[in-house]
Amino acid sequence: MVIRVDPSSPRPLFEQLAAGIRGSIVDGRLVDGERLPSARALAESLDINVNTVLHGYRVLRDEGLVELHRGRGAVVTVRVGGHAVLAGLIHDLVAEAREHRVAPAALHALIDEAYR
């Protein structure tokens, strides 16, 4: 699993971490039942605080993408199929937005509005 975080980004590190793992789950690189690295190991490999990793893992837990077990770590809990379809739709939406030169912030605003 390759995750990148950019400390110079205005986006919080825990959000960057969660987004990287979320993307790996949605596109199928991480599958149901797969264990994520321990918070300590991932924090060391990314040179970030272990609490930052735990915060990112909690975000994913709250989204229903992982389960957290004390002493056993984080495990992917995605039901096969649902997210694969969503990933395809997202890729199509992004491609369409790029073709029409819709700025990322504008696309986010459109999605947020539609989701309400």
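Q: How much space lies in the second largest pocket?
A: In this predicted model, the second largest pocket holds about 260 Å³ of space.

Q: What makes a residue count as lining the second largest pocket, and how many residues do so?
A: A lining residue has an atom within 4 Å of a point of the pocket. For the second largest pocket, 13 residues form the lining, with Leu54, Leu68, His69, Arg70 and Gly73 nearest its centre. H3, strand S1 (66–69) and strand S2 (73–76) each give two or more residues, and H3 gives the most, with four.

Q: Which residues of helix H2 are called buried, and why?
A: They are Ala39, Leu42, Ala43 and Leu46. Buried means under 20% relative accessible area, so each of these four falls below that cut-off.

Q: Why are Arg40, Glu44 and Ser45 called exposed?
A: Exposed means over 50% relative accessible area, so these three residues, on the other side of H2, are above that value.

Q: What makes up the lining of the largest pocket, by class?
A: Its lining has 13 nonpolar, four polar and seven charged residues. Arg counts as charged and Val as nonpolar. The volume of this pocket is about 1,000 Å³, and the residues closest to its centre include Arg22 and Val26.

Key
Residues numbered from 1 in each chain as written. Predicted model: local features only at pLDDT ≥ 70, side-chain atom pairs only at ≥ 80, totals over all residues. Heavy atoms only, no water. Buried < 20%, exposed > 50% of the residue type's maximum accessible area, 1.4 Å probe, protein only. 1 Å grid on protein atoms, 1.4 Å probe; cavity = no way out; pocket = protein on both sides within 12 Å on 5 of 7 lines; lining within 4 Å. Points joined across faces, edges and corners; volume = space filled by probe spheres on them.
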